[in-house]
Amino acid sequence: MSDGRIVILTGAGLSAESGLGTFRDKDGLWTKYDLGEVATPEGFAADPAKVHGFYNARRRNAREAAPNPAHEALARLVNARPQMVTLITQNVDDLLERAGARGVIHMHGELMRAKCAACGANWEQREDMTPGDPCGSCGAPAIRPDIVWFGEYPYHMEAIWDLLRAADLFVAIGTSGQVYPAAAFVQDAARAGADTLELNLEDTEVSHDFAQTRRGAASQLVPAWVAEILGE
Ligand code: OAD
């Protein structure tokens, strides 16, 4: 199995030990903020300053955070086998890239990018955003974070379905299995014949769908698993 095609899905648990909050754990972001107000198109239309404030704070936290051993191990794996290993992340931080990983698929968008709500142009923006900032392409005062909000369609789905259909092994790391379509990837991959492995601190909503599960902190579990795959 270690020589086959591996598709890895990561979630907030991967970045938790870098100091970035998860969403649904005790003290998670969705216990402090109203998801409908800060992570939906309707919330943005009602109060763009509040939404920009939420993502500006998260962008600053992400800039100050550093990759942990789990990001570094995944970067080592994907760079060692770029044709065979794909990293799909629900995370909007750039810690996998800062660990050196190439070709990461960000299905929920990226904190360090902005998008124009008028023309769709998107560009790198590592600094704060303010309602009314002009689009660099069309000039409309319609800047928004390049984040996939609830009610919007995740990015790169056609490519992701193809990858899942071709996978020999699907691995989910640090994700609670509560947000679709990502939560169904384990079933999609298993239906197509892949082996499945979940690495997480605790049982999740979808643990029963995995052939194997390992419990522990990502910073411990992921480097150990990567070493197995690379035969170290
Ligand atoms: P959640 O907060 O829902 O789940 C985080 C998972 O990580 C939980 O199952 C934890 O048990 C686990 N976990 C926490 N710390 C860990 C650690 N150190 N090592 C291993 N596992 C750990 O986050 P996601 O599943 O990523 O979407 O959430 C999915 C989506 O919901 C996010 O992308 C975001 C959110 O709303 C958008 O904002 C669009």
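**Reading a sheet and its aromatic pairs**

Biologist: Which residue of strand 2 stands opposite Val7?

Modeller: Val7 stands opposite Thr86 in strand 2. Strands here are DSSP runs of E with at least two residues, helices are runs of H or I with at least four, and both are numbered from the N terminus. This is a predicted model, in which local features need pLDDT of at least 70 and side-chain atom pairs count only at pLDDT 80 or more, while totals for chains, interfaces and linings use all residues. Residues are numbered from 1 along each chain as its sequence is written, and side-chain values use heavy atoms, with hydrogens and water left out.

Biologist: In which sense do strand 1 and strand 2 pair?

Modeller: Strands of a sheet pair through backbone hydrogen bonds, either parallel or antiparallel. Two strands count as paired if DSSP finds at least two bridges between them. Here strand 1 (residues 6-10) and strand 2 (residues 85-89) are parallel, over five bridges.

Biologist: How many strands form the open sheet, and in what order?

Modeller: There are six, in the order 3-2-1-7-8-9, with parallel pairing. Strand 3 (105-106) and strand 9 each have a single partner strand, so one side of each is left without a neighbour in the sheet.

Biologist: Which strands does helix 6 touch where it packs on the sheet?

Modeller: A contact means heavy atoms within 4.5 Å. Angles run from 0 to 180 degrees between N-to-C directions, with axes fitted to C-alpha atoms, for helices over the stretch in contact. Helix 6 (residues 69-80) touches strand 1, strand 2 and strand 7, and its direction makes about 140° with that of strand 2. Helix 10 (residues 218-229) also packs on the sheet, against strand 1, strand 7, strand 8 and strand 9, at about 150° to strand 8.

Biologist: Is strand 4 mostly covered or uncovered?

Modeller: Buried means under 20% relative accessible area, exposed over 50%, and partly exposed in between (1.4 Å probe, protein chains only). Strand 4 (residues 109-116) is mostly covered, with six of its eight residues buried.

Biologist: How many aromatic pairs does a search of the whole structure find?

Modeller: A pair of aromatic rings is described by the distance of the centres and the angle of the planes. Rings of Phe, Tyr and Trp (its six-membered ring) pair if their centres lie within 6.5 Å; planes under 30 degrees apart count as stacked, over 60 as edge-to-face and the rest as tilted. The search finds eight pairs. One of them, Trp30 with Phe54, is stacked, at 5.9 Å centre to centre and 25° between the planes. Trp30 lies in helix 2 (residues 29-32) and Phe54 in helix 5 (residues 48-64), so the pair ties together parts that are 24 residues apart in sequence. Trp30 and Phe54 are buried.

Biologist: Which residue lies over the face of Trp149?

Modeller: A charge sits over a ring if NZ of Lys or CZ of Arg is within 6 Å of the ring centre and within 35 degrees of the ring normal. Arg144 lies over Trp149, at 3.8 Å from the ring centre. Trp149 belongs to an aromatic cluster, whose members include Trp30 and Phe54.
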